[in-house]
Amino acid sequence: YVDIVFANEEEALAYTQLPAEQAIHAIANEANIAIVKVGSKGSYIKQDETLYHVPAEKVKAIDTTGAGDVYAAGFLYGYANNLPLNRCAEIGTLCAAQVIEEIGAKITPERWQKIYDKLKVEK
């Protein structure tokens, strides 16, 4: 039993032999919450019979190193704060968008401020 599965579309394909739009359903049959990230097309999130698609932020991708990890961190932040799953994915998406606009996996203080401002969260 698994609570949450995070997969990118290549991982979902390797695991299920299905494209992302179908893989999300197969993975959700084995986990409480399934997330399949599809790059510039956003992400799919499914729990029980509820399916969300959260679009990606429109940014100039320079380096995707760390994008999946910070997506998961943002999603889990929202989940730990009992936010709806689509909102969790929006936070993850926002975090991933900030990291891919720079070389490397570190989010600068200025980019964290952009995230806080967009989410209307006080530091």
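Reader: How do you know whether the radius of gyration of the chain agrees with that of a compact globule?

Author: This is a predicted model. With 123 residues, a compact globule would have a radius of gyration near 14 Å. The chain has 14 Å, so the two agree. Its C-alpha atoms fill a box of roughly 40 × 30 × 20 Å along the principal axes.

Reader: Which elements make up the chain, and in what order do they run?

Author: There are 5 helices and 4 strands. From the N terminus, the order is β-α-α-β-β-β-α-α-α.

Reader: What makes the crossing of H1 and H2 left-handed or right-handed?

Author: The axes of H1 (residues 9-16) and H2 (residues 20-28) come within 9 Å and cross at roughly 60°. A crossing is left-handed if the near helix is turned anticlockwise from the far one by less than a right angle. The crossing of H1 and H2 is left-handed.

Reader: Which residues make the contact?

Author: H1 brings Glu9, Ala12, Tyr15 and Thr16. H2 brings Ala20, Ala23, Ala26 and Ile27.

Reader: How many residues of this contact are nonpolar, polar and charged?

Author: The classes are 6 nonpolar, 1 polar and 1 charged. Tyr counts as nonpolar, along with Ala and Ile. Glu counts as charged.

Reader: What share of the residues in the chain is called buried?

Author: Buried means under 20% relative accessible area. Buried residues make up 39% of the 123 in the chain. The accessible surface comes to about 7300 Å², with 52% of that belonging to carbon and sulfur atoms.

Reader: What part of the contacts joins residues at least 24 apart?

Author: Take contacts between residues at least 6 apart in sequence. Of these, 50% join residues at least 24 apart.

Key
Residues numbered from 1 in each chain as written. Predicted model: local features only at pLDDT ≥ 70, side-chain atom pairs only at ≥ 80, totals over all residues. Heavy atoms only, no water. Axes fitted to C-alpha atoms, helices over the stretch in contact; angles between N-to-C directions. Helix = DSSP H or I, 4+ residues; strand = E, 2+ residues; numbered from the N terminus. Contact = heavy atoms within 4.5 Å. Rg over C-alpha atoms; globule rule 2.2 N^0.38 Å. Buried < 20%, exposed > 50% of the residue type's maximum accessible area, 1.4 Å probe, protein only. Areas by Shrake-Rupley, 256 points an atom, 1.4 Å probe, with all protein chains shown as cover.
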